[in-house]
Amino acid sequence: MPSLVSSVLREQIRLMKPILTKTSIQTSRNLQEALGELGAKTVAAKVQRQDFQLEDFPACWLTPAETTLEDPRVLLYLHGGGYVAGSIRYAAGFAGVIAAKTGVRTLCIAYRLAPEHPFPAALDDAMTAYQYLLGQGYQGSDITLIGESAGGGLILSLCLLLKAQGIPLPARLVAISPWTDLTLSGESMEENREVDISLTKSELAAYAACYAPEQAALSLVSPLWGDLTGLPPCAIYVGGDEILLDDSRRLCTRLLDAGVPATISIEPGMWHAYLLYGVPEANAAWREIKTLLEE
C-alpha cells in the first residue's frame with residue numbers, strides 16, 4: 001500500500017498536471033525552479049554549496065557536511081526538464097538532495113536550454129563538465145554520472161560521445177526515470193497514459209521538437225538507439241506508472257544485450273523521478289545507490 005506521504009503528494013501532482021502540461025516554457029521553467037528550491041531547503045544544513053561559472057553556463061558544487069575533499073569519489077549530476085527547463089537553482093536543489101542521500105560530493109551544471117540552444121548544446125555542456133572533472137584530477141574510475149528524466153538520457157548520450165572520442169568513461173551510471181527515446185515509441189506511452197500524473201506524450205513531443213527538431217532518432221539524442229557496447233554499469237530506477245517506463249525497460253534490455261551490467265528497479269504505483277520527492281518508497285533505492293557508490 002502506498003505511504004500516506006506519497007498518496008498526498010501524488011494527488012497534489014495530479015491536480016497540477018493540467019497546469020504543468022499546458023503552460024508556456026517560461027512558466028514551466030519558473031515552476032521547476034520553485035521545485036528545486038524546495039529540495040534545497042530540505043538539505044540546506046547537510047551540504048555546503050559553492051557556485052561558479054564553467055565556460056558558457058553556471059555550475060555548482062554540493063559537498064556533504066561529513067565528506068572530506070580527500071574522498072576520491074565524485075558525482076556529476078545532469079538535471080531533467082525536457083531539455084527546455086532547469087536553471088542552476090533547480091539543478092542545485094536536487095543535486096543537494098543527491099549529495100545528502102549518498103554522502104558523495106556532487107557537481108551539477110545548468111546546461112544551456114532549448115529552444116534557444118538546441119542539440120547539441122546540452123551535450124556539449126555535459127562534455128565540458130566531465131572534462132572539467134578530469135582536469136581537476138579525477139579519474140574516470142572516480143566519477144559516477146547521475147541524472148533524471150532528460151538528464152538520465154543525457155548521461156548515456158555523454159557516454160556515447162566519450163566512447164567515440166576515446167575519452168575515459170566514468171565508473172558507473174545511475175539513471176532515474178531516464179528519457180532515452182525522443183521518438184516516443186515506447187508502448188507505455190499509451191499503456192500508462194491514464195495513470196501518469198505528471199507527463200503527457202504531447203508535452204514530450206513538444207520538448208523533443210524544441211531540443212532536436214527532425215533529429216529525434218539520432219543516437220546522441222535518443223541513446224536507446226545507440227551502440228551501447230562498452231558503456232559503464234548502469235542502475236536504472238523508474239516508477240511503474242510512468243509513460244516513460246519503456247524508456248527504462250528497453251534501455252536495460254539493450255544494455256544487457258550489449259554485454260553491459262545493468263539493473264532496473266520498477267517501483268509500483270510511483271510517478272516520474274519519484275526518488276527526488278522524499279517519499280518513503282524511495283528509501284530502499286537510495287540505500288542501494290549509496291552501496292553502489294561504495295563499491
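Entry 1. I located Gln48 in strand β1 (residues 47-54); strands are DSSP runs of E, at least two residues, and helices are runs of H or I, at least four, numbered from the N terminus. I worked on a predicted model, where local features need pLDDT of at least 70, side-chain atom pairs count only at pLDDT 80 or more, and totals for chains, interfaces and linings use all residues. Residues are numbered from 1 along each chain as its sequence is written, and side-chain values use heavy atoms, without hydrogens and water.

Entry 2. I found Gln48 exposed, at a relative accessible area of 58% (buried is under 20%, exposed over 50%, partly exposed in between; 1.4 Å probe, protein chains only). Beyond four places in sequence, Gln48 touches Trp61, Leu62 and Thr63 (contact: heavy atoms within 4.5 Å).

Entry 3. I noted 8 aromatic pairs in the structure (Phe, Tyr and Trp rings, the six-membered one for Trp, with centres within 6.5 Å; planes under 30 degrees apart are stacked, over 60 edge-to-face, the rest tilted). Phe119 and Tyr211 pair edge-to-face, with 5.9 Å centre to centre and 80° between the planes. Phe119 lies in the loop between β4 (106-109) and α4 (121-135) and Tyr211 in helix α7 (residues 201-211), so this pair ties together parts 92 residues apart in sequence. I recorded both Phe119 and Tyr211 as buried.

Entry 4. I traced a cluster in which ring pairs link Tyr83, Tyr111, Phe119, Trp179 and Tyr211.
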